[in-house]
Amino acid sequence: MKKIFIIFGPPGSGKGTHSARLACSYNIAHLSTGEMLRQKASDEERALMKKGILVSDNRLVELLRVRIQNSDCDNGFILDGFPRNLLQVELLDNLLKEQSLSLEAVIALEAPEDVLLSRLSGRRFCPNCSNNYHLTYDPPEQDGFCSCGFELRQRADDNSETIRARLRVFKEETIPLLDVYSLRSLPIIHVVSAGEINDVQKIIYERVQSTLLLSRFV
Ligand SMILES: [Zn+2]
């Protein structure tokens with residue numbers, strides 16, 4: 001049976017990292033809709049996205065339908081960044097039903113707001129070689145500078161005001177979706193993502209593993 005997961009997590013929760021590691025542990029595909037759009041969007045869609053216009057929910061599902069036929073999805077996949085609203089939940093239900101697939105669990109990463117703020121506001125990147133750093137967790141050897149010699153910068157949306165707004169949007173978007181999924185007999189795995197990445201990864205893996213075992217025996 002294919003292992004299919006959805007992961008939710010606020011910006012700064014390490015959602016991308018943890019999805020990728022879980023995908024690796026189970027030899028399943030990490031499907032980030034952001035990534036899918038960057039790769040598969042048409043020129044026309046790209047132009048619209050640059051103007052801040054979102055790609056339609058139906059189009060996203062269409063991309064997903066094609067993507068999950070890839071052989072890297074043979075064992076399953078983890079959805080990162082999708083679904084984002086109730087219509088997408090419904091479209092995903094239909095897609096899975098049509099493909100005779102079903103969700104295994106929803107993983108919900110959480111973290112105290114001050115942890116998220118400190119993680120996000122410490123991020124720096126190099127405009128030259130696009131290396132990423134973190135002032136606390138992954139500091140550059142020379143203060144303020146990349147190993148290539150360029151001065152490091154902070155992304156425009158990593159300032160504390162924008163971060164707070166992004167966290168608010170995340171909560172508003174995600175809580176209704178978690179409510180929908182928790183009404184089903186679907187395991188919701190809540191994990192607090194604070195502390196070392198490796199420790200959090202271990203907790204996620206153990207919780208997913210025990211959920212999978214339970215679902216095999218009931
Ligand atoms: Zn650099």
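I looked up the contacts of Ser160 and found that, not counting residues up to four places away in sequence, Ser160 touches Leu117 and Ser121, where contact means that two C-beta atoms, placed from the backbone, lie within 7 Å. I note that this is a predicted model, in which local features need pLDDT of at least 70 and side-chain atom pairs count only at pLDDT 80 or more, while totals for chains, interfaces and linings use all residues. Residues are numbered from 1 along each chain as its sequence is written.

I placed Ser160 in helix 7 (residues 160-182); helices are DSSP runs of H or I with at least four residues, strands are runs of E with at least two, and both are numbered from the N terminus. Ser160 counts as exposed because it has 11 C-beta neighbours inside 10 Å; the classes are buried at 20 or more other C-beta atoms within 10 Å, exposed at 12 or fewer, and partly exposed in between.

I then turned to Tyr181, also in helix 7, and recorded it as partly exposed, because it has 18 C-beta neighbours inside 10 Å. Leaving aside neighbours within four places in sequence, Tyr181 is in contact with Val106, Leu186 and Ile188.

Next I checked helix 6, in which Leu116, Arg119 and Leu120 are buried. These residues lie on the same side of helix 6, because they cover an arc of only 90 degrees around the axis, the arc being that of the directions from the helix axis to the C-beta atoms. Strand 5 (123-125) and helix 7 are among what covers them.

I looked up the largest nonpolar core, which has 33 residues, with Phe5, Ile7 and Ile107 among those that have the most contacts inside it; such a core is a set of buried Ala, Val, Leu, Ile, Met, Phe, Trp, Tyr and Cys residues joined through C-beta atoms within 7 Å. Leaving aside neighbours within four places in sequence, Ile107 is in contact with Phe5, Ile7, Ile189, Val191 and Ile204.

Last, I compared helix 4 with helix 5, whose axes come within 10 Å and cross at roughly 30 degrees; axes are lines fitted to C-alpha atoms, for helices over the stretch in contact, and angles run from 0 to 180 degrees between N-to-C directions. The two helices are therefore roughly parallel to each other, a label for angles under 35 degrees.

Definitions and conventions: Angles under 35 degrees count as roughly parallel, over 145 as roughly antiparallel, 65 to 115 as roughly perpendicular and the rest as oblique.
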